[in-house]
Amino acid sequence: WGDRAMGDIFAGLDKFLALGLVDTSRMGVMGGSYGGYMTAWIVARDHRFKAALAERGVYNLISFTGTTDIPTFIADEFGLELPDDPATLWEHSPLAYAHQIQTPLLVIHSENDFRVAISEGEQLFAAVRRAAKAPVEFVRYPREGHELSRAGEPEHRIERLNRIVAWFDRWVKDE
């Protein structure tokens with residue numbers, strides 16, 4: 001979680017950069033669920049990406065603790081309960097650093113996500129928008145859950161893919 005995982009991700013990215021396999025002027029980052037968490041974490045700390053897309057991510061570990069359908073998740077991952085150490089959970093929450101995001105960010109979430117409540121995406125969107133350092137958009141899908149990308153309504157899955165392509169075309173694609 002957080003910086004330790006980001007270090008691993010950047011170690012891999014640095015290998016590709018050293019090989020000259022990446023156009024650094026056109027880098028984007030995206031992920032869903034834990035990948036959504038890491039996307040928000042990364043763009044709050046590193047400003048080299050031209051665009052980011054975070055979907056169905058955990059952005060506030062404190063609120064997530066009380067809304068997820070996996071009630072033991074935080075205890076299993078962090079070895080603590082919310083009342084014991086909320087400061088550690090906040091320290092590892094991308095929302096705590098969202099005001100630092102300068103990368104154009106698209107946040108996607110589903111209204112019926114019981115794994116990661118839509119309020120997680122709403123909080124991230126609101127924080128980035130209030131900071132006003134980066135363009136941010138929020139897309140919510142009705143009737144969908146955490147598995148939108150794999151098991152959502154066909155028209156929502158198609159629309160989501162088109163939206164992802166359009167977002168990265170808008171911010172990353174070479175003119």
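**Exercise 1.** Which residue in β4 does His 109 stand opposite?

Solution. The model is predicted, so to speak of local features requires pLDDT of at least 70 and side-chain atom pairs count only at pLDDT 80 or more, while totals for chains, interfaces and linings use all residues. Residues are numbered from 1 along each chain as its sequence is written, and side-chain values use heavy atoms, without hydrogens and water.
Step 1: strands are DSSP runs of E with at least two residues, and helices are runs of H or I with at least four, numbered from the N terminus.
Step 2: β3 (residues 105-110) runs parallel to β4, joined by 6 bridges; two strands pair if DSSP finds at least two bridges between them.
Step 3: the residue opposite His 109 is Arg 140.

**Exercise 2.** State the strand order of the sheet and its edge strands.

Solution. Step 1: the open sheet has 4 strands in the order β1-β2-β3-β4, paired in parallel.
Step 1: β1 (28-32) and β4 (136-141) are the edge strands, each pairing on one side only.

**Exercise 3.** Determine which residues of α1 (residues 3-18) are buried and how they are arranged.

Solution. Step 1: buried means under 20% relative accessible area, exposed over 50%, and partly exposed in between (1.4 Å probe, protein chains only).
Step 1: Ala 5, Met 6, Phe 10 and Leu 13 are buried.
Step 2: these buried residues line one face of α1, because they fall within an arc of 125° seen down its axis; the arc is taken from the directions from the helix axis to the C-beta atoms.
Step 3: on the other side of α1, Arg 4, Asp 8, Lys 15 and Ala 18 are exposed.
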